[in-house]
Amino acid sequence: MILLEDVVKTYSSGSPALSGISLNIDAGEFVFIVGDSGSGKSTLIKLLLRELKPTSGRIIVNNTDVTKLRHSRIPKYRRNIGCVFQDFRLLKDRNVYENVAFAQRVISVPGREIKRNVPQVLSTVGLAEKYSSKPKELSGGEQQRVAVARAIINKPPILLADEPTGNLDPKNSWEIMKLLEKINRRGTTVLVVTHNREIVNAMQKRVITMKKGVILADEERGEYIDED
Amino acid sequence: MRISTLGFTLKQGIKSIFRNKIFSLATIATIGSCIFLFGLFYAVMVNFQNIVHQVESGVAVTVFFEPDLPDERIVQIGQEIGQRAEVSKVVYVSAEEAWNEFKDDYLGEYADTFGDDNPLADSANYEIYLNDVAMQEDLVEYLMTVDGISEIHKSANVANTLATANSLVSYVSLAIIFILFAVSIFLISNTVAIGISVRREEIGIMKLIGASDFVVRAPFMLEGMILGLVGAAIPLIVIYFIYNKAIGYVMQEFAVLNSILAFLPVEQIFYTLVPIALILGVGIGFLGSGLTVRRHLRV
């Protein structure tokens, strides 16, 4: 599903963000990517989203060579990847329904399909009754669930979550992780970038640990490795 | 493209206009002012050209014939001149008509003292009217080569002054209009840039979700075009109502010039002005937003 071969990314300032990393993530896997600031996690996410191009190496996602992707093909490629961020990135002037429907409107899904899909996906994330609420009327956990609903409504085969629990309390953090696990059980490949040691250690999933642009460890049922 | 996408794009563009009310109003006011001034300059230019044309049509070159030139040759000369591209009309004035006109214009009751004599017996002539006063010199050069013509009277000063004034008005108007439109494009570009910065987060989300370049850019382009259209429509309405009043005022205040000031009716001016102004308004909107979108929205 995701294949990186000797990927190097050096920014124009000359500082290397990734120094030749290779990894393979199969379809349907649930993977944690951990590491301290400057380890290259964010660069990896940006490369997968094709916000950046690698300096060298090859990235294959869902049978698409991302490194050779033409500019005009990027939007269609990104429809294969759902994204969830630490700061939720919801549209504050729109209600829950419109925030989720937005993801379908911008890719020209017909109106009647949107009306059918949005209630379904809101039900999956447990927010069916809050469809008319504005983001500011929701708790952090609920806002993140709206973001997850928006990320999965187009049924992408891959879900990227960048610090999805970074702004949440432990209870809400666990609820989000359970939701991501549920989505993973339905067949979606899930990549979670996190600093949450408790969750990583408890969930017993594959853990890729990065440090200074290289992969320090890649373990099935891994644990959070301390910086030291 | 689906109708729902078009509807979504249109809705986003209109929403953006209302979201940035102040800047949208400022843009409409600026485009409106520019189109208003353009409309005024256009009306002045077209009317001036019309007046010049009226005067031009009254400017004639007069040719006199050699004494005892046969009538057949005179007719032949008239036909040759009438075929020239510069010429709009050739009028034959017989010696008798010339004398009668002279009597009416200058002698009045003293004309009787001449009895049946015609002091202008050799004054039969052609009055040659031109399509364009600027062509007068070419025509005169030709006339000098024609056998049977003894004398050519021309009004070089009038011709040159009118032609120069006409070009000057056109060039000045074009220069001012060009500057106004450059300012408009700059301002609309700023408004759209502000719209983009206000919606930066939304644009970021759209890009991540996989919205095409068209879907991301179209609302901004549409916003610019709507602002341009509204900015063009308002001054046209204003000009429509003030034009007749302004003409009425000028005709009343400068009644002595009524014979020269031949103003065009507003309908005739609007026949060309409306499509030009609307296309310009939408064009400015398209260009201004297009430049900004290209610069700020590398999707």
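Start by colouring chain A and chain B separately: about 1800 Å² is buried between them, with carbon and sulfur atoms giving 59% of that area. Buried area here is the accessible area (1.4 Å probe) that two parts lose on being put together, summed over both. This is a predicted model, where local features need pLDDT of at least 70, side-chain atom pairs count only at pLDDT 80 or more, and totals for chains, interfaces and linings use all residues. Residues are numbered from 1 along each chain as its sequence is written, chains are lettered from A in the order in which they are written, and side-chain values use heavy atoms, leaving out hydrogens and water.

Now pick Lys92(A) and Glu201(B). They form a salt bridge, with their closest N and O atoms 3.5 Å apart; the rule is a side-chain nitrogen of Lys or Arg within 4 Å of a carboxyl oxygen of Asp or Glu. It finds two salt bridges across this interface.

Then move on to a helix, meaning a DSSP run of H or I with at least four residues, numbered from the N terminus. In chain A's helix α3, select Asn99(A). Is it buried or exposed? Asn99(A) is buried, at 1% relative accessible area, where buried means under 20% (1.4 Å probe, protein chains only).

Last stop: show what surrounds Asn99(A). Beyond neighbours within four places in sequence, its contacts include Leu90(A), Leu91(A), Pro135(A) and Arg150(A).

Conventions: Helices (H or I, at least four residues) and strands (E, at least two) are DSSP runs, numbered from the N terminus. Buried means under 20% relative accessible area, exposed over 50%, partly exposed in between (1.4 Å probe, protein chains only). Contact means heavy atoms within 4.5 Å.
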